[in-house]
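Okay, everyone, thanks for coming. Let me put the model up and then talk you through its inside.

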Amino acid sequence: PDGGGLGATCGGGGAGGGRGGEAGGGGECGGVVWTEEATSTMESMREVLRGRGAGEGGVLGVAARRQTAGRGTRGRAWESAEGNLLLTLALPVAMLSVPITHVPLGVGVVLANVVSASLPAETSPLVRLKWPNDVLIGDAKVCGILLEVEGSWLLIGIGLNVLSAPRLPAMGPDAGGRPPTCLADHGGGAEGVESLGEAV
């Protein structure tokens with residue numbers, strides 16, 4: 001499936017972003033505006049949404065080349081080097097054509113397809129979805145998804161390891177967890193983060 005798998009009808013508009021989370025408006029529906037650096041793309045998107053009416057601007061997207069305080073599920077830190085995809089989309093809840101509880105699965109399927117399409121034919125069958133918020137290559141995590149509701153908007157945070165994967169910590173809440181991987185380790189990611197962001 002393509003972006004329609006997210007259960008939203010595109011209604012125009014875009015998002016603008018500045019360094020460190022400052023954001024403005026403009027662009028076409030489905031377009032992603034890139035910032036050089038943000039604390040997190042979730043917080044950058046919240047800046048975009050402040051002062052907007054419910055659903056004003058349609059589907060919005062903000063991505064960062066670097067982020068200093070990314071978040072994963074359960075408040076965990078999301079570490080990512082430059083060259084990976086760090087993206088938050090905002091969908092007006094009123095635009096969803098499926099119950100909001102169905103959205104995580106739709107997002108996961110879309111991202112699994114994006115990952116699979118980026119990989120060589122012999123590797124793409126290894127891609128699988130660990131519902132509700134991880135995309136795996138084999139048993140290793142390549143992509144994480146974070147969904148939050150902000151007023152009348154559904155925020156979808158996406159972290160996709162393209163060129164590098166973080167080291168698994170030896171101590172702390174994530175110690176001994178699922179090993180991370182990246183597209184480059186499996187012959188993928190040659191199209192670059194911007195093209196991958198557009199594919200999402």
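When I say buried, I mean under 20% relative accessible area, with exposed being over 50% and partly exposed in between, using a 1.4 Å probe and protein chains only. By that cut-off, C143 is buried, at a relative accessible area of 0%, and C182 counts as buried too, at 1%.

Quick housekeeping: this is a predicted model, so local features need pLDDT of at least 70 and side-chain atom pairs count only at pLDDT 80 or more, while totals for chains, interfaces and linings use all residues. Residues are numbered from 1 along each chain as its sequence is written, and side-chain values use heavy atoms, leaving out hydrogens and water.

Back to the cysteines: a disulfide here is a pair of cysteine sulfur atoms within 2.5 Å, and the count comes to 0.

Now, the core. A nonpolar core is a set of buried Ala, Val, Leu, Ile, Met, Phe, Trp, Tyr and Cys residues joined through side-chain atoms within 4.5 Å. The largest one has 31 residues, and V115, I156, L160 and L183 touch the most other members. Helix α2 gives the most to this core, with 6 residues. Helices, by the way, are DSSP runs of H or I, at least four residues, and strands are runs of E, at least two, numbered from the N terminus.

So what does V115 contact, beyond its neighbours within four places in sequence? Taking contact as heavy atoms within 4.5 Å, V115 meets V127, V135, I137, V142, L160 and L183.

Last one: V109 also lies in α2, but V109 is partly exposed, at 31%.
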